[in-house]
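Dear colleague,

Please find the structure below, together with its sequence. My notes on what was found in it follow directly after.

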Amino acid sequence: QPIDLIYRRELNAAILAQSEAGLKILQSYLSGMVAIEPPLNMLYDCKSPMAWVHDPEIGRFFSEAIKKLIPPTALLPLSHDEVFRLGDTELTMREILGLSNEKRRFVIKYAGPSIEYGFGGRAVYSLASSHKQAQEIFEDARGQISTGHPWVIQPQDHKKFLVSRLGDSDNLVKEEMYARLLFYYDRDDGLFAGHGNFGKNWKVAGNKNTVFAIICEKRRSA
C-alpha cells in the first residue's frame, strides 16, 4: 500500500542511512513524497551537534538564541592531555579527573546515533562521584570514542524547579525537582509543543518516579 506518513520513535536519519531501504525512505522524505513525524532533526536525534554550537571555529554560524538554548558542550577528547574549550574555560580530562568530587561537576554523554547504546538516557554519567568511578567512566567512554562513537561533556546543571504532583493520598504536593525538557515542534503556523520531565534525582530520564508536564501552545500570528 502507498505510504505518505511515517511515525517514528526509535529511528533517526543516521540509522536510516545504513540500509538500502532506509536510504529510499530518506530520498522520499527529501523529495517531499513522504512525511516523517516527528521530523528528522539531527540536533535532537543525537547529541554531538550540540558541540558545534559552541565550537570556536563554527560557532559563528549559530544564532545567539540557539547558543542560549544549548548549554556549553564539547566533544570528549580521546587523550587525557588534549585541551578543549568548555564555555569560556580551557580544560583537559586530566585536570577534571584530578579535581575533588565536589568540584568535579561535569556530565559526559554518548553523542552518536546508536539507539541501542544511547536510547533512554542509558549512557549519561555524572563525574561527581569517587575518583576511581570517574576514571572508569572516562575509560569506558574512551573505548567508544576509539571505535568512532563520539561522546560529549557538559557542566552539570543543578538548577531545580518548583513542581506540583499528586501525593500518596491524592493530595497536591509541591517539590523542587531537576528538569529535563524535550521540545517536539515549533512550526511556522505558531504551534509549539513539548514536555518536561521532573525528578528528585539529577538524572531525570529513566526514573519511574518522574513527573511529566505537557507543554502545548498555539500562538496567534501577528
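What is the volume of the second largest pocket? The volume of the second largest pocket is about 300 Å³. Its lining comprises 16 residues, and those closest to the centre are Asp55, Ala74, Leu75, Phe84 and Arg85. A pocket is here an open set of points, on a 1 Å grid over the protein atoms alone, where a 1.4 Å probe fits, with protein on both sides within 12 Å along at least five of seven lines; lining residues have an atom within 4 Å of a point. Grid points are joined across faces, edges and corners, and the volume is the space filled by probe spheres set on the points.

Please note that this is a predicted model, in which local features need pLDDT of at least 70 and side-chain atom pairs count only at pLDDT 80 or more, while totals for chains, interfaces and linings use all residues. Residues are numbered from 1 along each chain as its sequence is written, and side-chain values use heavy atoms, with hydrogens and water left out.

Pocket lining

At least two lining residues of the second largest pocket come from each of helix 4, strand 3 (74–75) and strand 4 (84–86). Helices (H or I, at least four residues) and strands (E, at least two) are DSSP runs, numbered from the N terminus. By class, the lining holds 10 nonpolar, 2 polar and 4 charged residues. In this scheme Ala, Val, Leu, Ile, Met, Phe, Trp, Tyr, Cys and Pro count as nonpolar, Asp, Glu, Lys and Arg as charged, and the others, Gly among them, as polar.

Overall architecture

The protein chain has 8 helices and 12 strands. Its C-alpha atoms fill a box of roughly 60 × 50 × 35 Å along the principal axes. Of its 222 residues, 35% count as buried. Buried means under 20% relative accessible area, exposed over 50%, and partly exposed in between (1.4 Å probe, protein chains only).

Surface features

A nonpolar surface patch is formed by Trp52, Ile58 and Phe61, with about 330 Å² of accessible area together. Patches are made of residues with over 30% relative accessible area and no salt bridge; like charges are joined within 9 Å, and nonpolar side chains (Val, Leu, Ile, Met, Phe, Trp, Tyr) within 5 Å. Accessible areas come from the Shrake-Rupley method with a 1.4 Å probe, and for residues only the protein chains shown count as cover. Phenylalanine 61 is located in the loop between helix 4 (49–53) and helix 5 (64–69). Its relative accessible area is 60%, so phenylalanine 61 is exposed.

Aspartate 170 has a positive phi of about 60°, although it is not a glycine. This residue sits in the loop between strand 9 (161–166) and strand 10 (172–186), and aspartate 170 counts as exposed at 61% relative accessibility.

Salt bridges

How many salt bridges does a search of the whole structure find? The search finds 8. A salt bridge is a side-chain nitrogen of Lys or Arg within 4 Å of a carboxyl oxygen of Asp or Glu. Three of these pairs are described below.

- Lysine 24 and glutamate 20 form a salt bridge at 3.9 Å, N to O. Both lie in helix 2 (residues 20–30), 4 residues apart, which is about one turn of the helix.
- Arginine 94 and aspartate 81 form a salt bridge at 2.6 Å, N to O. Arginine 94 is in helix 6 (residues 93–97) and aspartate 81 in the loop between strand 3 and strand 4, so the pair ties together parts that are 13 residues apart in sequence. Arginine 94 is partly exposed at 47% relative accessibility, as is aspartate 81 at 46%.
- Glutamate 175 and lysine 200 form a salt bridge at 3.0 Å, N to O. This pair links distant parts of the chain, 25 residues apart: glutamate 175 is in strand 10, and lysine 200 is in the loop between strand 11 (191–199) and strand 12 (211–218). Glutamate 175 is buried at 17% relative accessible area, whereas lysine 200 is exposed at 59%. Salt bridges that share partners join Arg165, Glu175 and Lys200 into one network.

Further positions

Tyrosine 110, in strand 6 (residues 106–110), is buried with a relative accessible area of 3%. Tyrosine 110 and methionine 93 are 17 residues apart in sequence and 16 Å apart in space, C-alpha to C-alpha.

With kind regards
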